[in-house]
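The stops below go from the whole chain to single residues.

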Amino acid sequence: MSLIQFRLTLSFFTSSMEDSPSFSTKEIYWLASCFWGIITCKLVYDITGFISPFCFKGYGKLSDKEKMEWNNRGFSTFHALIAAWASLYLLLFSDLFNEDSSNDLIVNRSSIISNMVLGFSIGYFLSDLAMVFWHFPALGGLEYVLHHGLSMFSISLSLMSSQGQIYILMVLFSESTTPFVNIRWYLDVAGRKSSTIYIYNGIALFFG
């Protein structure tokens, strides 16, 4: 298929979805952000596996299970950073939840950005849950399935109803502690539990 044919097909598909009564522009944004979350997780997983041997000499000595979890924690950290910073911006620095910016109740407010952040997180949870099932129980047991299931359920409800997003964003901001949890695991696997950075990371995790 030529580039022109691809563009025409994509244009026809997009316009058909927008004209269809079953798809609104809002829902297209949801689906796009969700798929983008899945694709991003896959890309970061592969990139983590590619650059890790150059950053950590012991990566090649890890078992296949440890390498898989190492890479998995790579996109877990990436999602945590994106979700935490986006949530912080929407909660504190944007006008979305400013009392004077709208007559709507704060619990009923949403925006394109907030919808895309929630959609992106659903994409992450789907990707991680798929890996949990595929390698079960190497990456976690039923508690992980319950956690991810409830997370996707609550985010989906908020996304579809456009209600309670302020509370969901507060919870997503708590993802800011995830990088410290992952760093702790990385240092443990690397045999650096007695290092100073391990102690500092533990203190940061505690305050987080």
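## Stop 1: a residue in helix α2

Select Ile51, which sits in helix α2. Is Ile51 buried, partly exposed or exposed? Its relative accessibility is 39%, so Ile51 counts as partly exposed. Bear in mind throughout that this is a predicted model.

Now extend the selection to Leu31, Phe35, Trp36, Ile38, Ile39, Leu43, Ile47, Phe50, Phe54 and Leu126; together with Ile51 they make a nonpolar surface patch of about 1100 Å². Which element supplies the largest share of this patch? Helix α2, spanning residues 25-55, contributes 10 residues.

## Stop 2: the whole chain

Switch to a cartoon view of the protein chain. There are 8 helices and 0 strands, and the order along the sequence reads α-α-α-α-α-α-α-α.

Colour by accessibility next. The protein chain has 208 residues, and 38% of them count as buried. Its accessible surface is about 12900 Å², with 68% belonging to carbon and sulfur atoms.

Taking contacts between residues at least 6 apart in sequence, 67% join residues at least 24 apart.

## Stop 3: aromatic rings

Show the aromatic side chains. How many aromatic pairs does a search of the whole structure find? The search gives 10. One of them is Trp70 with Trp185, an edge-to-face pair with 6.2 Å from centre to centre and 65° between the planes. Edge-to-face is the label here because the angle between the planes is over 60 degrees.

With Trp70 and Trp185 they form one aromatic cluster.

## Stop 4: a loop serine

Finish at Ser94, in the loop between α3 and α4, the latter covering residues 112-134. Why does Ser94 count as buried? Its relative accessible area is 14%, and the cut-off for buried is under 20%, so Ser94 falls on the buried side.

Draw a distance from the side chain of Ser94 to the backbone of Leu96. A polar atom of the Ser94 side chain lies 3.4 Å from the backbone nitrogen of Leu96.

Key
Residues numbered from 1 in each chain as written. Predicted model: local features only at pLDDT ≥ 70, side-chain atom pairs only at ≥ 80, totals over all residues. Heavy atoms only, no water. Patch = residues over 30% accessible without salt bridge, like charges linked within 9 Å, V, L, I, M, F, W, Y side chains within 5 Å. Areas by Shrake-Rupley, 256 points an atom, 1.4 Å probe, with all protein chains shown as cover. Salt bridge = Lys/Arg side-chain N within 4 Å of Asp/Glu carboxyl O. Helix = DSSP H or I, 4+ residues; strand = E, 2+ residues; numbered from the N terminus. Buried < 20%, exposed > 50% of the residue type's maximum accessible area, 1.4 Å probe, protein only. Phe/Tyr/Trp six-rings, centres within 6.5 Å; stacked < 30°, edge-to-face > 60°. Polar contact = N/O pair within 3.5 Å; in protein donor to acceptor, adjacent residues only side chain to side chain. Contact = heavy atoms within 4.5 Å.
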